[in-house]
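Here's a quick walk through one chain, going from a single side chain to the overall build. Have the viewer open as you read.

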Amino acid sequence: MRTGKNGRDGRSRIIEGALRRFSQDGVSATTLASLREESGVSVGSFYHHFASKEHVFGVLYAETLQMYQDAFLAELMRHEDARDGVEAIVALHMSWCGEHPERARLLISERPPRREEPGGPEVADARRAFFRQVSDWWKPHMNARLLQPVPPTMCYVLWLGPAQEMCRLWFAGAHQPTDEEIKSLCEAAWNSLKQA
């Protein structure tokens, strides 16, 4: 059903408004009133679509995580070479964050919803499927002694930790990453993850 502002439905307007508010103020500082004001919906329309601010956040986080993971996997599967894949993902991470700064801020700055919270089951399921697919790509390279055998959390930290920190500085307005710095982040990830 389409209503009001530019023909967008109330649910889309709430999600879009929440993305702006959460990105600017953080989830904890965003009020329900500011969400409604940002999206231009009535109290009744808000509760027709969402039970709470936390419900909006859970849906938005799960949707954003899925977008990021889809882009990550599409890029990773384009590369058969271990080094090409590792470095391409760092470059993809930086470009995705640059193209979707509000969504990237959400993933970088906010705690994911827990399993019992709105969006939690979707996030948990998406993560499981994602790590399985990354592992399927990783294992042949690990067996060929090109990539280290590292558990998923450590793999993530070594692969994207420095890039995440660069994005934090970028989003805080402290530093704009250069192409040369992004190339260095790609090389650093490879050096952290390759087998000696």
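Is arginine 20 buried, partly exposed or exposed? With a relative accessible area of 32%, arginine 20 is partly exposed, given that buried means under 20% relative accessible area, exposed means over 50%, and partly exposed is in between (1.4 Å probe, protein chains only).

A word on ground rules: this is a predicted model, where local features need pLDDT of at least 70, side-chain atom pairs count only at pLDDT 80 or more, and totals for chains, interfaces and linings use all residues. Residues are numbered from 1 along each chain as its sequence is written, and side-chain values use heavy atoms, with hydrogens and water left out.

Back to arginine 20, which is found in helix H1, residues 10-25. Helices (H or I, at least four residues) and strands (E, at least two) are DSSP runs, numbered from the N terminus. Leaving aside residues up to four places away in sequence, arginine 20 touches Glu38 and Glu102; a contact here means heavy atoms within 4.5 Å. Serine 39 is 19 residues away along the chain, and its C-alpha lies 9.6 Å from that of arginine 20.

Now for the rings. The structure holds 12 aromatic pairs. In one of them, phenylalanine 46 and phenylalanine 50 have ring centres 6.2 Å apart and planes at 45°, so the pair is tilted. The rule is that rings of Phe, Tyr and Trp (its six-membered ring) pair if their centres lie within 6.5 Å, with planes under 30 degrees apart counted as stacked, over 60 as edge-to-face and the rest as tilted.

| Residue | Relative accessibility | Class |
|---|---|---|
| Phenylalanine 46 | 0% | buried |
| Phenylalanine 50 | 1% | buried |

Elsewhere, Tyr68, Phe72, Trp96, Phe130, Phe131, Trp137, Trp138 and Trp159 form one aromatic cluster. There's also a charge over a ring: the charged end of arginine 105 sits over phenylalanine 171, 4.9 Å from the ring centre. To qualify, NZ of Lys or CZ of Arg must be within 6 Å of the ring centre and within 35 degrees of the ring normal.

Zooming out, the chain has 9 helices and 0 strands. Its C-alpha trace spans about 60 × 35 × 30 Å along the principal axes. Of the 196 residues in the chain, 42% are buried. Among contacts between residues at least 6 apart in sequence, 68% join residues at least 24 apart.
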